[in-house]
Amino acid sequence: MHRNNQKLRDPLTGLDFAAWRAKVEEISNEIGQFQAIGDKHFSTFVEAGSTLFVTFESAETAMEGLTDGRPLGWDYVVENGWSHLGLFSIGDTWFRHDDVYAFFDELLDDYFFDDFDQVIFFGAGPGGYAACAYSVCAPGAKVLALNPQATLSPDVTRWDDRFPQAKKLDFIERYGYAPYMVEAAEDVTILYDTSSELDALHAAMFEGPNVTHHRVRMFGIDLRRAFIEMGILKKLLGQVAAGTPTDEGFGTLMRARRNHGGYLRGLLAELVELDRPYLTAMLCRNVLSRMPAPRFRQRLDALEKAEREGLVKLPPDV
């Protein structure tokens, strides 16, 4: 097992793509395996424990500083003793390519997933789509997908015009329609932000007795970033590993949003748009009592000035 191998802790920030990929390849080959999958994809594999964590992310996302530039799954090898199979795309490809199909075909031919007691697929956005679509390769797996697309086939989702580059991709051929591909999974947890109507429409296409939906608000489309910043993604994955997260368990985790700047700014913007000065003042005072927040201070000062001029009524400042 490689859970104590500190190579997986090496920060990989500040590198251009070529240097970053070379470093990922070097570390992967030292403790596991690196495999190029055509020109637009590659994989890393580290064998550790009996739980296999399968992640899908773009190289650009992995290079961000949220995880010190490391592939997301490497921390779980070190901290949880999980094995990790990471799939990476160069750009957003939704992992729709013959080379990727062939890669999973080879894994199936080798009975790769049968070597593990538990398999967890994870991804967000395009990676969330892929996590759902390829989970069919490991019947009985668990899936956690953040704001996944169900498909971007124009015949099915012509209403989603956010991804013009996806129009060139084939979502009909193998591993195509993600909601069908998760039917063999044990548990499928779909999270999405209700403020994105298009994400909500995609999420609604995932249904069945093995599918659980959790809804959030005010985070936007990048739930992965928000959950990492709040420190709850690892806890959420722990809940998935132990069983489908309950509403109560998920709600407990989401209390961390009280200190998340992105969520608080979204909530402030909504209250301002709704012209709710009383509630806006309550929010600003609560936030300012816990942290420095210039935007909230500016808004509260403006509201208190308006109150002195008799334009609004605010709650007592206690």
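Tyr 177 is partly exposed, with a relative accessible area of 22%. This value, like every other here, comes from a predicted model. Tyr 180 reaches 54% relative accessibility, so this residue counts as exposed. The cut-off for exposed is over 50%, and partly exposed begins where buried, under 20%, ends.

## Aromatic pairs

A pair of aromatic rings is described by the distance of the centres and the angle of the planes. Across the whole structure, a search finds 27 aromatic pairs. One of them joins Phe 45 and Phe 112. Their ring centres are 5.3 Å apart and their planes stand at 70 degrees, so this pair is edge-to-face. Phe 45 sits in strand S2 (residues 41-46). Phe 112 belongs to the loop between helix H4 (98-109) and strand S5 (118-124). The pair therefore ties together parts that are 67 residues apart in sequence. Both Phe 45 and Phe 112 are buried. Tyr 177 and Tyr 180 also form an edge-to-face aromatic pair, at 4.6 Å centre to centre and 80 degrees between the planes.

Ring pairs also build a cluster. Its members are Phe 45, Phe 56, Phe 95, Tyr 101, Phe 103, Phe 104, Phe 112, Phe 113, Phe 116, Phe 121, Tyr 134 and Tyr 175.

## Helices H12 and H13

Two packed helices are described by the angle between their axes and the distance between the axes. For helix H12 (residues 261-273) and H13, the axes come within 9 Å and cross at roughly 160 degrees. Angles over 145 degrees count as roughly antiparallel, and H12 and H13 are therefore roughly antiparallel to each other. The crossing of H12 past H13 is left-handed.

From H12, the contact uses Leu 264, Leu 267, Leu 268, Leu 271 and Val 272. From H13, it uses Leu 279, Thr 280, Leu 283, Cys 284 and Val 287. By class, the contact of H12 with H13 holds nine nonpolar residues, one polar and no charged.

## Helices H13 and H14

H13 (residues 277-288) also packs against helix H14 (residues 294-308). The angle is about 135 degrees, and the axes are 9 Å apart. H13 and H14 are therefore oblique to each other. H13 passes H14 in a left-handed crossing.

On the H13 side, the contact is made by Pro 277, Thr 280, Ala 281, Leu 283, Cys 284, Arg 285, Val 287 and Leu 288. H14 supplies Phe 296, Arg 297, Arg 299, Leu 300, Leu 303 and Glu 304. The contact of H13 with H14 divides into nine nonpolar, one polar and four charged residues.

## Phe 219 in its loop

Phe 219 lies in the loop between strand S8 (211-216) and helix H9 (223-230). Its relative accessible area is 12%, so Phe 219 is buried. Leaving out residues up to four places away in sequence, Phe 219 touches Asp 193, Ala 226, Met 230, Met 254, Arg 257, His 260 and Tyr 263. Leu 236 is 17 residues from Phe 219 along the chain, with 16 Å between their C-alpha atoms.

## Leu 198 and Trp 159

Leu 198 is part of helix H8 (residues 197-204). Beyond its neighbours within four places in sequence, Leu 198 is in contact with Trp 159, Asp 160 and Arg 162. Leu 198 and Trp 159 are 39 residues apart along the chain, and their C-alpha atoms are separated by 8.1 Å.

Technical notes: Residues numbered from 1 in each chain as written. Predicted model: local features only at pLDDT ≥ 70, side-chain atom pairs only at ≥ 80, totals over all residues. Heavy atoms only, no water. Axes fitted to C-alpha atoms, helices over the stretch in contact; angles between N-to-C directions. Helix = DSSP H or I, 4+ residues; strand = E, 2+ residues; numbered from the N terminus. Parallel < 35°, antiparallel > 145°, perpendicular 65-115°, else oblique. Left-handed = near helix turned anticlockwise from the far one by under 90°. Contact = heavy atoms within 4.5 Å. Nonpolar A, V, L, I, M, F, W, Y, C, P; charged D, E, K, R; others polar. Phe/Tyr/Trp six-rings, centres within 6.5 Å; stacked < 30°, edge-to-face > 60°. Buried < 20%, exposed > 50% of the residue type's maximum accessible area, 1.4 Å probe, protein only.
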